[in-house]
Number of protein chains: 2
Amino acid sequence: MNSVIDLLMNHRSIRKFKPEPLAPEQKKAILGAAQMASTSSNVQAYSIISVTDPLLKKELAEFAGNQAYVEQCGLFLVFCADLSRLRNVTENCGEIFHQNTESFLVASLDAALAAQNAAIAAESLGLGICYIGGIRNVPHKVSEALRLPELVYPVFGMCIGVPDQEPSLRPRLPMQAVVHENAYDTGAVLEGIQEYDETTRRYYRERTGGQTDLSWSRSMADKYRLPVRPHIKPFVESKGFKLD
Amino acid sequence: MNSVIDLLMNHRSIRKFKPEPLAPEQKKAILGAAQMASTSSNVQAYSIISVTDPLLKKELAEFAGNQAYVEQCGLFLVFCADLSRLRNVTENCGEIFHQNTESFLVASLDAALAAQNAAIAAESLGLGICYIGGIRNVPHKVSEALRLPELVYPVFGMCIGVPDQEPSLRPRLPMQAVVHENAYDTGAVLEGIQEYDETTRRYYRERTGGQTDLSWSRSMADKYRLPVRPHIKPFVESKGFKLD
């Protein structure tokens, strides 16, 4: 319908980058756009660590499970949920700071909204991006490396850089499995999953010359049959977040 | 630097809408763009309820704290974190579904990334948007009204429609209070907050003809000196989410 929607519809994660840093004005535009995202009641409960130090990028690449593109990309951003600023100003006003699961959630969501604006700004400049949830594998190490204070935790990283690959679009669930009209419709979801399992099988067969034939259901079952990152709760609590 | 970044930099929340529904192709483009946002390991752990029923919109407007624009906007979307699809496919593959704080977080973040794409798509079509966190005031009522099954909870709503107001841009924290180079710098944050308190005072004075003179610090202290939505944890647990 317009060039912005074309850009959004054309998103794919980039995992191979040319070894070129971003121009300073590109970086500034991306970070400025991130800050203009919506934020819950103007709390702006997030911070961004811009990682440009090559040694630090190398270290974070290892922490994320040896993902080389974290080291190779032009700019690596770490989006953090941040209640430390809010506690600071609340206490400076002579008040007691209250927090709970709601404030943990709000801070994490604020980080995500800012990140998605950064992603779109980067892609509009012809750059590629990839979210890196893998930094939550060893979040305490990431937190130490970036010297994050209490009440700040790393939600995810983002590689940004000049793409050195052109992956195909990854098909999404059919809309009927995700979008509902006025009320949740479980029957529509189940139908949509069946269709998507076929789509996903075809996608893998085409990308692997018939070697892989994996349904979405099976790949999700393989992921969720084991606990994923059970350390997240004790980690965020160790950073001072209260999950009451 | 380009028209996409101009669009992102020009965001403001719209809280007054003309009573015009969205064209079907606008709605489709917005929802399609939402689905193309990044998602953690392709789990797509969110659902969107598109609320078009006038009675349901009226009810949700009340639940959100009598926010009339929820009723008046052309389209009201409710973004939900959704682990029900993932549990369904995992169990259908004969496996046990594991979940914890990490999966709660991933589902909530996936909803936010999709929502921000929807927001930008809508704004690119000349529409206005406003996130509605207020639906978390009485989340169990929202959940019942939308017939959300177990393992689905409403994260926030979003008003979308033809703007009937032109609010000024709300200034954000100075970049030095939000963005750090390689390591978190608390000194820079404190300086940035001082500057922002002045900016915010000026913003309120100008918007109220001198009637209101409120610093960001004070407005945040007024918010956080009391517990905000302490029911969120028991609510999401009642929906079957495990916060271990």
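**Close-up views of the contact between chain A and chain B**

**View 1. Salt bridges cross the interface.** Between chain A and chain B, 8 salt bridges are found. The model is predicted. One of the salt bridges links the side chains of R136(A) and E102(B). Their N to O distance is 2.9 Å. On chain A, helix α6, residues 101-124, gives the most to the side that touches chain B. Its share is 15 residues.

**View 2. Polar contacts and residue classes.** Polar contacts join 60 residue pairs between chain A and chain B, counting pairs with both residues at pLDDT 80 or more. What kinds of residues make up the side of chain A that touches chain B? That side holds 64 nonpolar residues, 28 polar residues and 19 charged residues.

**View 3. The buried area between the chains.** Chain A and chain B bury about 9800 Å² between them. Carbon and sulfur atoms account for 63% of this area. Which three residues of chain A supply more of its buried area than any other three? They are M36(A), Y184(A) and Y224(A). Together they supply 9% of the area that chain A buries against chain B.

View 4. Strand β5 of chain A, residues 179-181, pairs with strand β1 of chain B, residues 46-51. The pairing runs in the parallel sense. It spans 3 bridges. Within this view, E181(A) stands opposite S50(B), a residue of β1(B).

**View 5. Two copies, one axis.** Chain A can be laid on chain B by a turn of 180 degrees. The shift along the axis is 0.0 Å. The RMSD is 0.0 Å. The two copies are therefore related as by a two-fold rotation axis. The same surface serves both copies. Of the contact residues of chain A, 100% recur in chain B. How many residues does each chain bring to the contact? Chain A brings 111 residues, and chain B brings 111 residues.

Definitions and conventions:
Residues numbered from 1 in each chain as written. Chains lettered and ligands numbered in written order. Predicted model: local features only at pLDDT ≥ 70, side-chain atom pairs only at ≥ 80, totals over all residues. Heavy atoms only, no water. Least-squares fit on C-alpha atoms with pLDDT ≥ 70 in both. Contact = heavy atoms within 4.5 Å. Buried area = accessible area lost by both parts, 1.4 Å probe. Salt bridge = Lys/Arg side-chain N within 4 Å of Asp/Glu carboxyl O. Polar contact = N/O pair within 3.5 Å; in protein donor to acceptor, adjacent residues only side chain to side chain. Helix = DSSP H or I, 4+ residues; strand = E, 2+ residues; numbered from the N terminus. Nonpolar A, V, L, I, M, F, W, Y, C, P; charged D, E, K, R; others polar. Pairing = 2+ DSSP bridges.
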